[in-house]
Amino acid sequence: MSVRLLALIPVAVAISLALSAAVDAVALPLFLDTTGTILATALAGPVVGIAVGVLTSAVNTLRNPTFWPFVVVQVIVALYAGLAARAGLFRSLKTAVPTGLGLGVIASLTSTPISYFVFGCTTTGGIALTTALGRALGLPPLGACFFGSFVSDFGDKAVTFALVAAVLHALPRRTAARFPLALRAIGAT
Amino acid sequence: MSALHPFSLLAIAAALPAFAWILPAPTGGLATAGLALMLPLVPDPRWGVRVVRLALLTAAPFWLFLRLLHDGPTTVAIGGRITTMVASFVWLVAVLSPDRLVEAMVARGWSLAVAYVFAATLSAVPVLKARARRIVEAQRCRGLSPRGSVANRLRALRALALPLVLSALHEVDERTLALETRGLGAGVPRTPLAAPPDRPAERVARWALLLLCLAALIWRLA
């Protein structure tokens, strides 16, 4: 791995974790904790994205230990974002947002079994409450758990993809060209 | 306890949750939770009480949500396991110095790149979080209103997130130059300055923990 890609990894992890300040300011029910993973993948490919995802989970685990089992979701996000970048799906918001919605479904399908079998669907307050809402609506336990994960992931991943697309387009071409996948991700090559 | 080798601290923090999930519930989870909550009290009870309080405060919401979603026995079974995980990691964060861990990794022959990524991440996160707060304040001073409709909030989010991410990406160039100047790309192993001592007894204890975990797993699956 080149020194530039190595230097990108800690920066991308820090982006994922620092964005919580922006989310708090606008008071939207978003996590944006996969922004660094998706951005690093769109710039440098899935190997760097997976490294960022694993490290993001590890650092998050130091704050809240329940994050660690969800490292699998970060790996899936990196692989999905890698395919999206190769297909140039960050070229506009019209392609990025639906791709992000697709990731929302995949991420909730991946996180539901972990959340259900390891934590009994109590990973965060929001997910626990939406799971309780699902139970009140008559869904079976696993279905209610999926409902909770889906509500939190669906919009979050669409906004994350839109944000990464905006960043890639705002990046000067000279800077973008220093990363192996950036120009292809926005359909410029 | 913090004098133990960083790998020993990691091994203890990983083994306790592993036992919590492997051993039969609720006894296994409750026993490991008790052990994990007693760990910080061993070297200095006064310091340990603060760590235990933090662990209990972190674990409390999980018990609340578990009770909301499950019956009593299931709540106790899962709650014991989650408390073990939370208490082990809260203790680990309190006793493990990242600098000592990096030194231990380098001394053990891990790639310098891995050690750099780990250390640089831990130092970059607080810096970028502080910058994010400054950007939020600066944009508010310029009249950005992060309230109102969802569309308005999303526009505000873009105005807050883009400067943060772009400035962070520009930093990659500076970091690359700094790392190349320090010879990171040369592939030459680094000599650790103060490698933590790894006593034979600790190495034996780590292997024993691993074997115990495996034995417990085989016993449960048999």
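Okay, chain A: there are nine helices and zero strands here, where helices (H or I, at least four residues) and strands (E, at least two) are DSSP runs, numbered from the N terminus. Reading along the sequence, you get α-α-α-α-α-α-α-α-α. Before I go on, this is a predicted model, so local features need pLDDT of at least 70 and side-chain atom pairs count only at pLDDT 80 or more, while totals for chains, interfaces and linings use all residues. Residues are numbered from 1 along each chain as its sequence is written, and chains are lettered from A and ligands numbered from 1 in the order in which they are written.

Taken along the principal axes, the C-alpha atoms of chain A fill a box of roughly 55 × 35 × 30 Å.

On to burial. In chain A, 59% of the 189 residues are buried. Buried means that 20 or more other C-beta atoms lie within 10 Å of the residue's own; 12 or fewer is exposed, in between is partly exposed, and the C-beta atoms are placed from the backbone. As for contacts in chain A with a separation of 6 or more, 66% are between residues 24 or more positions apart. A contact here is two residues whose C-beta atoms, placed from the backbone, lie within 7 Å.

Let me pick one residue to look at. A:T56 sits in helix α3 of chain A, and A:T56 is buried, with 29 other C-beta atoms within 10 Å. Leaving out residues up to four places away in sequence, A:T56 touches A:V13, A:S16, A:D33, A:G36, A:T37 and A:Q74. A:A170 is 114 residues from A:T56 along the chain, and their C-alpha atoms are separated by 24 Å.

Now the nonpolar cores, meaning sets of buried Ala, Val, Leu, Ile, Met, Phe, Trp, Tyr and Cys residues joined through C-beta atoms within 7 Å. The largest one has 87 residues, and A:I9, A:A22, A:A42 and A:F90 touch the most other members. Which helix gives the most to this core? That would be α1(A), with 17 residues. If you zoom in on A:A42, its partners include A:A81, A:F90, A:V164 and A:L181, not counting residues up to four places away in sequence. There's also a second, separate core of 42 residues, and that one includes A:F150 as well as B:L9, B:A11 and B:L16.

Which brings us to where the chains meet. 41 residues of chain A are in contact with 48 residues of chain B. On the side of chain A that touches chain B, α1 (3-26), α3 (46-63), α6 (125-136) and α7 (141-170) each supply at least two residues. The largest share of that side, 18 residues, comes from α1(A). Its residues divide into 32 nonpolar, seven polar and two charged.

The C-alpha trace of chain B spans about 60 × 55 × 40 Å along its principal axes, and buried residues make up 35% of its 222 residues.

The domain assignment, which is automatic or from a database, gives chain B domain 1 (6-96 + 200-221) and domain 2 (110-186). Their centres, taken over C-alpha atoms, are 34 Å apart.

Two helices of chain B to finish. Is α8(B) in the open or enclosed? Of its 22 residues, the number buried is zero, so α8(B) lies largely in the open. For α4(B), 17 of the 24 residues are buried, so that helix is largely enclosed by the rest of the structure.

Terms used. Ala, Val, Leu, Ile, Met, Phe, Trp, Tyr, Cys and Pro count as nonpolar, Asp, Glu, Lys and Arg as charged, and the others, Gly among them, as polar.
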